[in-house]
Amino acid sequence: MTAEIGHFALILALVTAVVQGVPTLIGAQRRDALWMALAVPAALLQFLLIALAFAALTKAFVTSDFSVMTVAMNSHTAKPMLYKVAGVWGNHEGSMLLWVLVLSLFGAAIALFGRNLRPSLKVRVLAIQGLLGAGFLTFILFTSNPFARLFPVPIDGQDLNPLLQDPGLAFHPPLLYLGYVGLSTTFSFAVAALIEGRVDPAWARWVRPWTLASWAFLTAGIVLGSWWAYYELGWGGWWFWDPVENASFMPWLAATALLHSAIVSEKRDALKSWTVFLAIIAFAFSLLGTFLVRSGVLTSVHAFASDPTRGVFILALLIVTVGGAFAFYAWRGPALKSSGVFHPISREGGLVLNNFLLTAAAAAVLLGTLYPLILDVLNAGKISVGAPYFDSVFIPMMVPLIIAMGVGPMLNWKRGSLKTATYKLKWAALIAVLSGFGVWLAIDRASALAAFGMTLAAWLLLATLYELADRIHLFRSNPSESLRRLRRQPRARWGMTLAHGGLALLIAGMTASSAWKTEKIEAMAAGDTVTLAAYTLTFKGAEQVRGPNYMATRGTFEVQRGSTGTPFILHPEKRVYDVQGQTTEAAIQPTFLGDIYAVVGDTQDGGKTFVTRLYFNPLVPWMWTGALVMVLGGLISLSDRRHRVGAPVARRQPGSATPAPAE
Amino acid sequence: MKRKHQRMSLLGLAALAIAGAAALILTAFEDNIVFFHSPTDLVTKEFSPTQRLRVGGLVEQGSVQKQGDGVTVRFVVTDTAESVPILFKGILPDLFREGQGIVAEGTFRNGVFQASEVLAKHDETYMPREVADAIKATGQWKGDE
């Protein structure tokens with residue numbers, strides 16, 4: 001019964017989405033208040049209906065109702081509760097349901113929080129959200145119905161892929177979708193603005209919080225996925241330039257660019273047409289990602305659906321949505337005149353450079369991801385484009401970006417002085433170069449490239465901190481004045497400082513872990529010892545342990561730093577699940593300078609000797625910390641009261657420190 | 001700063017970024033593309049011993065052997081027409097087993113494929129598409145068609 005309720009709710013949601021999309025758009029064109037009034041209740045109702053359907057599917061998973069095909073294929077009675085719930089989105093049908101749930105959630109959020117939007121714009125934004133929802137609900141109902149019944153009902157299910165039975169991966173899809181699908185809001189805003197032919201600073205101000213929210217969630221989702229790959233796949237790596245990873249990284253690059261260009265559109269009434277273009281592109285990347293993952297066209301480590309009809313359907317949705325948006329763009333775009341004029345050396349100029357580099361990088365990633373597909377379609381050979389391509393294209397594009405990131409925030413709007421900025425930053429640059437040189441001397445395996453990476457990280461961190469110190473007049477005014485200024489910093493500025501500083505930590509972590517990783521592969525018997533960086537690892541043997549739905553070979557390592565450090569224990573596991581599959585659970589001990597990472601493999605002589613894989617991954621904890629700081633920066637910036645102001649506020653009088661009233 | 005100048009400098013910057021990106025992409029493509037080959041290709045064609053390649057096929061039943069050092073594995077992949085021995089040092093992926101399709105990346109030297117990476121997909125029913133196509137090419141495919 002529950003499954004039928006869910007199915008009917010989805011059908012009703014589709015009808016509601018059409019009501020949210022079609023009459024409202026006509027009403028907005030004719031200025032018919034009655035028709036326009038449909039948008040808000042329809043958006044809320046659509047969300048409630050999809051939430052009901054989602055709850056129905058969750059109930060089917062939690063109660064192990066194997067008469068529902070999705071549940072039978074992806075769940076099992078013995079599975080722990082967390083994974084029964086996470087199993088709802090650990091499969092194609094359920095994850096698409098989560099997709100539309102998030103889409104309608106954003107629609108409902110605009111309906112609720114968009115009170116200050118211009119009414120015609122709000123109705124049109126909601127209408128576009130409704131049309132997107134209608135497209136994807138049709139897709140679900142006709143090609144991927146999560147409520148399809150199965151007869152005869154199996155006694156037990158086929159279980160969730162054990163690799164997905166993991167807390168990191170339980171929350172990875174919801175966060176990623178909040179980011180991915182969140183970009184639908186900026187897309188709807190862009191298309192609505194194109195329909196109206198009007199993009200003004202107020203529009204950019206409305207778009208910014210939605211971009212920020214999506215960006216923060218997307219960052220968190222990508223990092224969680226990367227973290228999962230790091231400890232679950234047991235290869236000691238955290239990013240593989242896998243097509244599915246790229247699918248989430250391209251929207252991230254576009255969203256980051258959008259985040260920055262929207263600032264210029266809001267503050268300076270410039271780059272408007274470009275901002276609208278980016279808003280469309282960012283969501284186009286999200287849809288492309290959905291297509292790549294859901295259609296199974298790519299041979300990837302974690303694409304789980306491969307059904308041609310689904311692929312064709314999503315491709316059609318992608319073409320209609322993006323093509324339609326670009327048609328509007330071609331028609332209306334030329335009318336978007338920017339009034340703000342600026343010199344290339346200015347804050348705007350810096351942000352433009354940021355945008356060029358980020359979009360060029362996104363294009364390079366896109367090409368590398370799609371190239372094997374294109375060659376395959378043309379029958380021109382089967383190739384794979386791996387990490388070496390992406391490293392050698394992506395990194396050179398990021399170098400000027402990071403250098404500019406230090407200088408850009410120091411430039412004035414409209415016309416800045418590179419001379420003043422570089423003069424102010426001379427110490428930061430000098431210390432950064434010295435620290436890179438120091439690393440090069442101190443580490444005997446240091447390549448010049450890795451040392452340069454550390455220089456960039458130090459430069460970004462120091463320049464970001466200097467910019468903050470400069471803003472609060474640290475050491476230039478008396479301390480109480482500086483403290484007063486520090487407290488008065490708008491949250492959006494804090495967001496920038498944190499996000500840029502977090503990126504500096506991230507770069508340091510990525511550079512160090514790529515350049516100075518120590519790896520040992522050994523066959524070890526109980527009592528054997530291996531030296532890894534500054535640590536000594538003693539293998540104490542392995543035993544069989546029973547888990548809730550698996551048997552594990554659990555290894556024990558005693559680890560000691562030098563000869564005097566406090567010893568600690570690591571327990572890597574190799575799990576064989578009762579129903580299907582096996583997984584490797586790496587044991588990781590994070591320390592300030594890096595992770596000690598141990599994996600236990602198979603035995604060859606009945607449990608005496610085991611293949612082990614041991615890593616010391618330098619500064620990996622910095623990477624995770626840096627990423628978290630970036631997300632935190634996004635959230636703090638999001639909480640800036642100024643974002644919540646609806647209408648454009650007249651420029652504050654110089655000297656007046658009262659924040660603009662919220663709401 | 002006139003509007004015209006602004007537009008010109010923006011265009012100049014954009015052209016520079018595009019040219020730079022294109023140059024980077026082209027050089028990277030030249031050096032870093034790895035072609036996929038079936039075991040039949042490896043046996044019948046000539047390859048430089050330093051060229052990075054991918055090979056895929058089914059792991060032959062009974063072919064997996066640990067070498068003397070305890071960590072190097074030797075196994076044979078086949079597309080049912082030809083087969084190639086592969087040497088790999090390290091822990092094989094969780095889903096690696098005999099009879100399963102895999103893809104290995106590395107170099108082909110003196111008739112032995114030295115793999116630096118072995119990929120098996122995170123899905124029990126998975127057969128890498130390249131492997132499926134390679135087997136289809138030999139006419140031995142007994143799959144879904």
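**Close-up 1. Strands β9 and β10 of chain A pair in an antiparallel sheet.** In this predicted model, β9(A) runs antiparallel to strand β10 (residues 594-603) of chain A, and 5 bridges join the two. Within this pairing, Pro590(A) stands opposite Asp595(A) of β10(A). Both strands belong to an open sheet of 4 strands in chain A, ordered β2-β11-β10-β9, with antiparallel pairing. The edges are β2 (518-525) and β9 (587-591) of chain A; each has a single partner strand, so one side of each is left without a neighbour in the sheet. From one strand to the next, the twist averages 15°.

**Close-up 2. Strand β7 of chain A pairs with β5(A) and with β8(A).** Of the 5 residues of β7 (residues 573-577) of chain A, 4 are buried, so this strand is largely enclosed by the rest of the structure. Strand β5 (residues 550-561) of chain A pairs with β7(A) over 5 bridges, in the antiparallel sense. Here Thr553(A) has Lys574(A) of β7(A) as its bridge partner. Strand β8 (residues 582-585) of chain A also pairs with β7(A) in the antiparallel sense, over 4 bridges. In that pairing, Val576(A) stands opposite Gln582(A) of β8(A). The hairpin of β7(A) and β8(A) has 4 residues between the strands. Gly581(A) takes a positive phi near 80° in this hairpin.

**Close-up 3. Strand β5 of chain B shows alternating side chains.** In a regular strand the side chains alternate between the two faces of the sheet. Along β5 (residues 83-89) of chain B, Val84(B), Ile86(B) and Phe88(B) point to one face and are buried. Strand β4 (residues 72-78) of chain B pairs with β5(B) in the antiparallel sense over 7 bridges. Val73(B) stands opposite Phe88(B) of β5(B). These two strands form a hairpin with 4 residues between them, and Thr80(B) in the turn has a positive phi of about 80°. Strand β7 (residues 112-119) of chain B runs parallel to β5(B), joined by 3 bridges. There, Ile86(B) has Phe113(B) of β7(B) as its bridge partner.

**Close-up 4. Chain B touches chain A.** The contact involves 35 residues of chain B and 45 residues of chain A. On the chain B side, α1 (3-32), β1 (33-37) and α3 (129-138) each supply at least two residues. The largest share, 14 residues, comes from α1(B). By class, the chain B side divides into 18 nonpolar, 6 polar and 11 charged residues. Strand pairing also links the chains: strand β1 (residues 383-385) of chain A runs antiparallel to β1(B), with 3 bridges between them. Ser384(A) has Val34(B) of β1(B) as its bridge partner.

**Close-up 5. Helices α8 and α10 of chain A cross at roughly 150°.** The axes of α8 (residues 167-180) and α10 (residues 201-232) of chain A come within 7 Å. The crossing angle of roughly 150° makes α8(A) roughly antiparallel to α10(A). The crossing is left-handed. Residues of α8(A) in the contact include Leu169(A), Phe171(A), His172(A) and Leu175(A). From α10(A), the contributors include Trp215(A), Phe217(A), Trp227(A) and Trp228(A). Glycines also take part, among them Gly168(A) and Gly179(A) of α8(A) and Gly221(A) and Gly225(A) of α10(A). The contact has 14 nonpolar, 6 polar and no charged residues.

Terms used:
Residues numbered from 1 in each chain as written. Chains lettered and ligands numbered in written order. Predicted model: local features only at pLDDT ≥ 70, side-chain atom pairs only at ≥ 80, totals over all residues. Axes fitted to C-alpha atoms, helices over the stretch in contact; angles between N-to-C directions. Parallel < 35°, antiparallel > 145°, perpendicular 65-115°, else oblique. Left-handed = near helix turned anticlockwise from the far one by under 90°. Contact = placed C-beta atoms within 7 Å. Nonpolar A, V, L, I, M, F, W, Y, C, P; charged D, E, K, R; others polar. Pairing = 2+ DSSP bridges. Buried ≥ 20, exposed ≤ 12 C-beta atoms within 10 Å, placed from the backbone.
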